[in-house]
Amino acid sequence: MARRSWQALPLVGLLAAGVLYPRLLPGDYFLHLGIVVSLYIILTSSLNLIMGITGQFAIAHAAFYGVGAYGSILLVTRLGVPYWWAWAAGILLAGIAALIIGASTLHLKGAYLAICTFAFSELFRLLLDNWISLTNGANGIIIRFVPPPIGIPGLFRFDLGSRRSYYYLMFTFALVTVWFVRRLARSDLGRVLGAIRQDETLALTAGFDTRRYKLLAFTVGSMYAGLAGATYAPYLSYIAPDLFDVNETIYIMMIMMIGGIRSIWGPVWGSILLVSLPQALDITPLLRMIAYGLVLILVMIRMPDGLAGFLDRLVSRLRPGGTWFGEKA
Amino acid sequence: MLTLADVTKRFGGILALDGVSFQVRAGCIVGLIGPNGSGKTVMLNLISGLSRLDGGQILFRGDRIDGLPPYAVARRGIGRTFQLLKLFPDLTVRQNLELMRQPRLMGSNLQTMLASLPRVATGPSAEIDALLEMVGLHDKQRERAGSLSYGQQKLVAFLNVLCMNPEPELILLDEPAAGVNPTMINTLIRQVQHFRERGKTFLVVEHDLKVIMDLCDTVVVLDHGRRIAEGPPAKVRQDPAVMEAYFGR
């Protein structure tokens, strides 16, 4: 029991930090930073499920993020669907797209899977760029509506006209994503996903239908990316094809690797560092990419298990034998 | 239990197996031997569904299993080990066995798949304890499987098969003694014999002829993809065709 309580500590810590953050660092700028960090926690944790835990080298995560964003926004702006229905549909569309792409590509491995999913990602961007009558092409779509409030009467309510409410909504989704990936990784299902990463042939001959397991992880992970897109788009007030291209996937992958691939907490540490540091240092996009490259090289050489592993080593000096932040899937 | 009828496999212009037929009876230990490249591992890959037949049939308990995917073959009750050692190196020894024991839920519907989500894959198991004790790995159960010695890893791979769910009736062992020290080989032989007494059937591919002679009831000899001899070990050993295949004229 005591052991279980220790293991839940980082999750409780994240919850407390997230709740207190707007009080400790008030102001629109920090709220914006919190929203973006939460967005990348969702994107990185869900990619970690696909790539880190299950070992599928698929590089189309930003495309599913885009399917969620474009899907929900187009349903609202073109068909007049109420936002929260469109939001759910956006997530569902990301899941359907992942199911179709995954069913046709997940028998591939390594570089072959990477190339196929990269092709899908580019195809999606080209579609957005060229289907001007629907998507307004490279000019993107300006979002002029504010999502209606959502909540449970008497319990809580997110009024998305306020930045603070948006922060709490995004943070809630980030927390749910981390909790879900952690729960999944420790379940029977998660252990099979890890086994597939380690040796798919062995998992197959042991009686696991690995293609279905991979498809499930790919679809669920992509639906979380869709959720991120559908939730974040109205806050951003603008969506365009280049927000969801392969560079964005590479950025998410970089956060995952610097934070600690396969680590439950790596996406959290990676998102905090890579989103907030360039903003805090106020550096230009070009310098930012150079800084990311340098940080990535440094982490790969000095901390192959990422920031989460590094922090875990520090903490384990205080509590020998324990693991907090380096908790692996 | 297992019937191989006229099994043929080609890789481009190479005929790896050329109409091989033999049977494995329930409760027996059958050895499959032959020089390098004679088609032994290809045969195991065909039985376990990792490769597709080009001709012939494979029947398990009277049902055709050729054409089934590997996971479906495993669920029928056929487990296997590999010539190039395979286990889940990042998991502990115990976690390897627990993983093998857990129900295969993904063959069914979404509801049962999701039902496995909240379950945490740990817990005491007398069966796992007994198996670990039997091969002397009980004190290694919390260690990463990949960190054990090669021989110990071979034992874990063997236990993995025994822990499969559903429990395998036929176990295919691909060179279980290769690279293993004599003490470990003896442990392995004892365990195979022990589980045969408990009703398991084995098809063993092995280069170590002493292991084959000590272990097997029947030996099938392959050479260049053809069956050249079959019978009790002592008889096969004296067979001129076998002598020629191994030592030349």
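Visitor: What should I know about the model and its numbering?

Guide: Residues count from 1 along each chain as its sequence is written, while chains are lettered from A and ligands numbered from 1 in the order written. The model is predicted, with local features needing pLDDT of at least 70, side-chain atom pairs counting only at pLDDT 80 or more, and totals for chains, interfaces and linings using all residues.

Visitor: How many helices and strands are there in chain B?

Guide: Helices (H or I, at least four residues) and strands (E, at least two) are DSSP runs, numbered from the N terminus. Going by that, chain B has ten helices and ten strands.

Visitor: What is the radius of gyration of chain B?

Guide: The radius is taken over C-alpha atoms, and the globule rule is 2.2 Å times the number of residues to the power 0.38. For 249 residues the rule gives 18 Å, and chain B comes close to that, so it is as compact as a globular protein of that length. Its C-alpha atoms fill a box of roughly 60 × 45 × 30 Å along the principal axes. The radius itself is 19 Å.

Visitor: How many bridges join E1(B) to E2(B)?

Guide: These two strands run antiparallel, and B:Val7 stands opposite B:Val20 in E2(B). Their hairpin has two residues between the strands, and B:Gly12 takes a positive phi near 60° there. On to the count: E1(B) and E2(B) are joined by seven bridges.

Visitor: Which residue is the bridge partner of B:Leu4 in E4(B)?

Guide: E1 (residues 2–11) and E4 (residues 55–60) of chain B pair in the antiparallel sense over five bridges. In that pairing, B:Leu2 has B:Phe60 as its partner. For B:Leu4, the partner is B:Ile58.

Visitor: Which helix gives the largest share of the side of chain B that touches chain A?

Guide: Residues are in contact if their C-beta atoms, placed from the backbone, lie within 7 Å. The contact takes 26 residues from chain B and 22 residues from chain A. On the chain B side, the elements giving two or more residues are H2 (70–76) and H3 (93–101) of chain B. The largest share, four residues, comes from H2(B).

Visitor: Is A:Leu20 buried or exposed?

Guide: A residue is buried if 20 or more other C-beta atoms, placed from the backbone, lie within 10 Å of its own, exposed if 12 or fewer, and partly exposed in between. A:Leu20 sits in helix H1 (residues 2–24) of chain A. With 10 C-beta neighbours inside 10 Å, A:Leu20 counts as exposed.

Key: Two residues are in contact if their C-beta atoms, placed from the backbone, lie within 7 Å. Two strands pair if DSSP finds at least two bridges between them.
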